[in-house]
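Thanks, everyone. I have one model to show this morning. Please have a look at it first.

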Amino acid sequence: MMRLMEAELFPSTPGKVKIERAHTINRQFHRCFASTSTMFLWALFLIALTASYLSFQSFVDTSSRYFNASWGGMHWEKQIRASATVRRPGGMSVLVTGAAGFVGTHVSLALRKRGDGVVGLDNFNSYYDPSLKKAREALLESHGVFVVEGDIDDARLLAKLFDVVPFTHVMHLAAQAGVRYAIENPASYVHSNIAGLVTLLEACKSADPQPAVVWASSSSVYGLNEKAPFSEADRTDRPASLYAATKKAGEEITHTYNHIYGLSITGLRFFTVYGPWGRPDMAYFSFTRNILQGKPITVYRGKNRVDLARDFTFIDDIVKGCVASLDTAEKSTGSGGRKGGPAQYRIYNLGNTSPVTVPALVGILERHLKVKAKKNVVEMPGNGDVPFTHANISLARAELGYKPTTNLETGLKKFVRWYLSYYGYSPRSGGSAAEATTGSAKSL
Ligand SMILES: O=C(O)[C@H]1O[C@H](OP(=O)(O)OP(=O)(O)OC[C@H]2O[C@@H](n3ccc(=O)[nH]c3=O)[C@H](O)[C@@H]2O)[C@H](O)[C@@H](O)[C@H]1O
């Protein structure tokens, strides 16, 4: 049948078709052509319908992405520009990563209070109670610091931020913290402390102008180092935890970006930082919570019944070290991804220089809280802890003017005062904080 139609419509020898047959063929051709063109029109109509449906869907997708996205838009850019505005002669505009974190909040406030422009960046992850991070954000907002909700591993977001503001400095404090949590969630350390760091440095090296970068390394890089106090020149090639290993890797990675792209880099090895608005995962914080709730605390002890000790450093001293690092940071030498010459590369210990044992820390908390702790003393599990830390701060003292002034007794007093007020405890005169505990206390 098909072959017949083909033969009729397209005779193999043109001009040999009989006239009467030619009429019939002509009619059939027209009928056929008419139905083909109708089909063609229908097809066109369907294609147009499908295309408009698809483009409508993509419009809906894009707009819902746009409206659901936590960043982007004119209003967002305006907030960033306002927050980055410098209000003192010779001031800097600083991108603070991890701004809703413990150290990030304090550093952002200090910078803002003296008139620097500050834009925060934080992913508000749930490693610990995000409502505490939100409360810190509210505090920052009340001082005019805008915190962008986003991840340091988001290259598009970083490019946009540098597009909106020519940051002079980056204070990089976003990280997956915690020594022992690395056993539970190793990928989180790789994501933030390695991948996120590289993404951030990529953005910094491509920025024009390139910012100077100051970032948080850790005392944990000293690992199994036994030479005390720990000096910057001591061995750091024997980390005892994945956390420490990622911070050590961060020191190598930042060195590479300094070497290849001329980024000015300062790494700060923080020694067990504590204080108001602190991290609930840290011992002094969780001990306080448990002591107040009448719950036992676990105190780790080293081999041969030796107490563990830390060079606990008060937040205000750390903030001074961070700000001094920003103030003394030289400019990066490159631009647009090209090195212009050798750039500054520094590493400093920021500690307190007087280690205190964990049982002594508990004793101070008991005094301030006026409650006796229920202690379970157990041998330190092999999960990343080191027996002690002790900072030599000569270098930071000489080059940054760093001079810690708060001892653990005074610093914990300030922390306890903040804790009781933040979580809604109102101690009656003479009574212990625990006795005064009311139902209004927020749980962590
Ligand atoms: O300087 C750093 O670079 C790191 O400091 C901090 O780590 P650490 O010094 O380990 O602080 P933290 O957890 O408060 O434990 C303190 C002591 O209490 C002991 N400890 C802890 C918990 C517990 O239940 N019992 C206990 O005895 C414990 O064995 C230890 O001896 C930061 O968390 C980390 O992010 C990083 O910044």
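I'll cover a helix pair and then a cavity.

This is a predicted model, so to speak plainly about cut-offs: local features need pLDDT of at least 70, side-chain atom pairs count only at pLDDT 80 or more, and totals for chains, interfaces and linings use all residues. Residues are numbered from 1 along each chain as its sequence is written, and side-chain values use heavy atoms, with hydrogens and water left out.

First, the helices, which are DSSP runs of H or I with at least four residues, numbered from the N terminus. The axes of α9, residues 283–292, and α11, residues 358–369, come within 10 Å and cross at roughly 45°. On the α9 side, Tyr284, Phe287, Thr288, Ile291 and Leu292 meet Val358, Leu361, Val362, Leu365 and Leu369 of α11, where contact means heavy atoms within 4.5 Å. By class, this contact has nine nonpolar, one polar and no charged residues.

Now the cavity. How many cavities of 30 Å³ or more does the search of the whole structure find? One. A cavity here is a set of points on a 1 Å grid, over the protein atoms alone, where a 1.4 Å probe fits but cannot get out; lining residues have an atom within 4 Å of a point. The volume of the largest cavity is about 60 Å³. Its lining residues include His172, Trp215 and Lys247. α7 gives the most to that lining, with three residues. By class, the lining has five nonpolar, four polar and one charged residues.

Methods:
Axes fitted to C-alpha atoms, helices over the stretch in contact; angles between N-to-C directions. Helix = DSSP H or I, 4+ residues; strand = E, 2+ residues; numbered from the N terminus. Nonpolar A, V, L, I, M, F, W, Y, C, P; charged D, E, K, R; others polar. 1 Å grid on protein atoms, 1.4 Å probe; cavity = no way out; pocket = protein on both sides within 12 Å on 5 of 7 lines; lining within 4 Å. Points joined across faces, edges and corners; volume = space filled by probe spheres on them.
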